[in-house]
Amino acid sequence: MKLSKRLQSIYDMVPSGVVADVGSDHGKLIISLFENGVISKGYAIENKKGPFARLKKAIEERHLENDVIPMFSDGISELPEDVNTVVIAGMGGFNIIDILKKNRRKLKNVKTIIVDAHNAIPELRKQVCKMGYIITDEDIVFEDNIYYEIIKFIVGEVAFLDEPDIEFGPILRNEKSITFIDKYNSRIKEIDVLLATHKIPEAKSKELNCEKERIRSIL
Ligand SMILES: C[S@@+](CC[C@H](N)C(=O)[O-])C[C@H]1O[C@@H](n2cnc3c(N)ncnc32)[C@H](O)[C@@H]1O
């Protein structure tokens, strides 16, 4: 099964073991992980009827239902005890935080969490680290005109993250890949166009100029 660049990046971070893909939708990621022998078992979790029906069909068509188990359930509320990795991708950052925090005790055997959030990424870094995880890998990919940030957390001693780490990612800002640099150069251009072509209230324009300065300081 051919994966998008974004899903491939998540796939590349998944360790062996038992994985739950929360918000599995089409099931492409978890099916590929199992079919290629990366994981020994998977749970594909969905809380909406349409995507769940699609997911179940994709799993059954491949006769994988004993190994990639479809679950109609909300977030990690019914997470099985044998899961050691949770993937939550393609959702808003606050939704991901809510899913993890609402049923925190379900994470007791979960060593790895991999996320790909549409937004609120700094808050997500902060909150998952507060839950006793550390960031061990990050990737940024550009696909369909969107920059995606993928973050891998593993259980670990609290590590100090300063403000630039939280905003830009401790690994991403250190690696400074071409995609990372492109993302923030585009953001600087976007801010410049906004400031030059719109009547922006003073407080907002100050905020945008501060953002530009923060970006410049890490590029
Ligand atoms: C945009 S899709 C992303 C699908 C896939 N994870 C990916 O990255 O390509 C988000 C999916 O998450 C599901 N979802 C959202 N909140 C959820 C929750 N609390 N529990 C389970 N599934 C959820 C939605 O129904 C939807 O199918």
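**Reading the fold**

Reply: The secondary structure of this protein comprises 9 helices and 7 strands. Please bear in mind that the model is predicted.

Me: What radius of gyration would a compact globule with 219 residues have, and what does the protein have?

Reply: A compact globule with 219 residues would have a radius of gyration near 17 Å; the protein has 19 Å, which agrees. Along the principal axes, its C-alpha atoms fill a box of roughly 60 × 35 × 30 Å. Buried residues account for 33% of the 219 residues.

Me: How many of the 20 residues of α8 are buried?

Reply: The count is 2, so α8 is hardly covered, a residue being buried if 20 or more other C-beta atoms lie within 10 Å of its own.

Me: Which strands are joined to β7, and how do they run?

Reply: In a regular strand, side chains alternate between the two faces of the sheet. Here, strand β5 (residues 112–117) is joined to strand β7 (residues 146–155) by 5 bridges, and the two run antiparallel. Asp116 stands opposite Ile150 in β7. Strand β6 (residues 133–143) is also antiparallel to β7, with 10 bridges between them; Tyr133 has Val155 of β7 as its bridge partner.

Me: Which residue in the hairpin of β6 and β7 takes a positive phi?

Reply: That residue is Asp144, with phi near 50°; the hairpin has 2 residues between the strands.

Conventions
Residues are numbered from 1 along each chain as its sequence is written. This is a predicted model: local features need pLDDT of at least 70, side-chain atom pairs count only at pLDDT 80 or more; totals for chains, interfaces and linings use all residues. A residue is buried if 20 or more other C-beta atoms lie within 10 Å of its own, exposed if 12 or fewer, and partly exposed in between; C-beta atoms are placed from the backbone. Helices (H or I, at least four residues) and strands (E, at least two) are DSSP runs, numbered from the N terminus. Two strands pair if DSSP finds at least two bridges between them. The radius of gyration is taken over C-alpha atoms; the globule rule is 2.2 Å times the number of residues to the power 0.38.
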